[in-house]
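Please keep the sequence and the coordinates open while going through the numbered paragraphs.

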Amino acid sequence: MSTSVAERWAQARSFHHSLYPAQRIARERSASVSACLPARECAGTVGAIVAALCELRAAGAIDEVVVIDAASADGTAAVAERAGATVHQEAELLAELGPVLGKGDAMYRALSVLDGELVCFVDADTEGFSAHFVCGLLGPLVCERGVSFVKAFYRRPFVQNGVLLAEGGGRVNGLAARPALRLFYPELAAVAQPLAGEIAARRELLWRVPFATGYGVEIAMLIDVWREVGLEGIAQVDLDERRNRHQSLAALEPMAVTVLAMVARRLEQEGRLMEGYAGGCPVERPAFADVEVA
């Protein structure tokens with residue numbers, strides 16, 4: 001029964017980015033929009049991404065472009081600033097929390113400086129970035145009734161032995177995240193890429209969910225958002241293709257462990273798994289709605 005629920009959701013809440021050109025977003029939106037890029041050593045890609053986002057800002061589709069830099073040694077911050085972004089160093093945001101603990105922590109801290117009622121996070125290492133990434137993600141929030149959270153999905157080309165394959169990227173997504181959801185959260189089984197780093201959401205929703213501080217942030221957020229708004233509040237958008245740097249299997253293994261540990265933690269919280277099985281989970285920051293932020 002749950003699989004059919006997931007399939008019905010996918011039919012009703014899956015969209016293609018072409019439905020949401022920049023002109024439509026600019027014309028139909030009433031909420032303010034922040035586009036945010038957590039960045040670490042992305043000098044080679046962040047400039048072009050920021051430039052594309054600044055064009056969207058000039059067209060009235062978004063209001064601010066913010067880069068959260070992880071003290072990159074390659075000049076990421078300077079490149080982003082020259083391209084037109086507002087740049088913050090992640091360690092200077094909510095410094096009272098101590099050292100920054102990965103991407104999820106950077107996203108969490110970003111909420112303290114983002115002004116938009118709608119927040120769009122995109123990765124800063126995407127090659128061949130196009131403005132349709134952001135417009136596509138914003139589209140269901142702006143144009144479809146009842147949507148509060150949007151995930152991206154796309155093809156992930158993969159280079160093997162010098163040959164470019166049309167599919168094959170997103171290995172942790174396909175071998176860990178999706179099987180775990182199918183087994184333990186079958187309502188979410190039709191989410192095509194639960195680990196996609198590109199999301200858009202209503203700010204007030206992001207303030208109501210905790211943030212895992214490491215690579216488990218995407219899958220934990222998806223489960224927590226589902227708890228908050230249900231399937232009807234979630235949509236996914238096909239962005240066609242995304243290219244970025246691929247990592248070795250040795251580097252992907254700890255990411256997969258973190259993803260599975262986050263699922264185990266959620267199962268523990270629900271009383272479906274004995275305590276003590278979610279070892280290796282990253283620290284989680286509490287929902288902004290539950291704390292006072294200085």
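1. Two strands are taken to pair if DSSP finds at least two bridges between them. Helices (H or I, at least four residues) and strands (E, at least two) are DSSP runs, numbered from the N terminus. The model is a predicted one, in which local features need pLDDT of at least 70 and side-chain atom pairs count only at pLDDT 80 or more, while totals for chains, interfaces and linings use all residues. Residues are numbered from 1 along each chain as its sequence is written, and side-chain values use heavy atoms, with hydrogens and water left out.

2. Strand β2 has two parallel partners to consider. With strand β3 (residues 64-69) it is joined by six bridges, and P38 stands opposite I68 of β3. With strand β5 (residues 118-121) the parallel pairing runs over four bridges; here S34 faces V119 of β5.

3. Why is β2 described as largely enclosed by the rest of the structure? Seven of the seven residues of β2 (residues 33-39) are buried, so the strand is largely enclosed. Buried means under 20% relative accessible area, exposed over 50%, and partly exposed in between (1.4 Å probe, protein chains only). The cover applies to both faces: V33, A35, L37 and A39 are buried on one side, and S34, C36 and P38 on the other.

4. D115 lies in the loop between α5 (103-110) and β5. This residue is exposed, with a relative accessible area of 63%. Leaving aside residues up to four places away in sequence, D115 touches S32, S34, E64 and R203, where contact means heavy atoms within 4.5 Å.

5. The structure holds six aromatic pairs. One of them, F15 with Y20, is edge-to-face, at 6.1 Å centre to centre and 70 degrees between the planes. Rings of Phe, Tyr and Trp (its six-membered ring) pair if their centres lie within 6.5 Å; planes under 30 degrees apart count as stacked, over 60 as edge-to-face and the rest as tilted. F15 is buried at 13% relative accessible area, and Y20 is buried at 1%.

6. Elsewhere, Y108, W207, F211 and F288 form one aromatic cluster.
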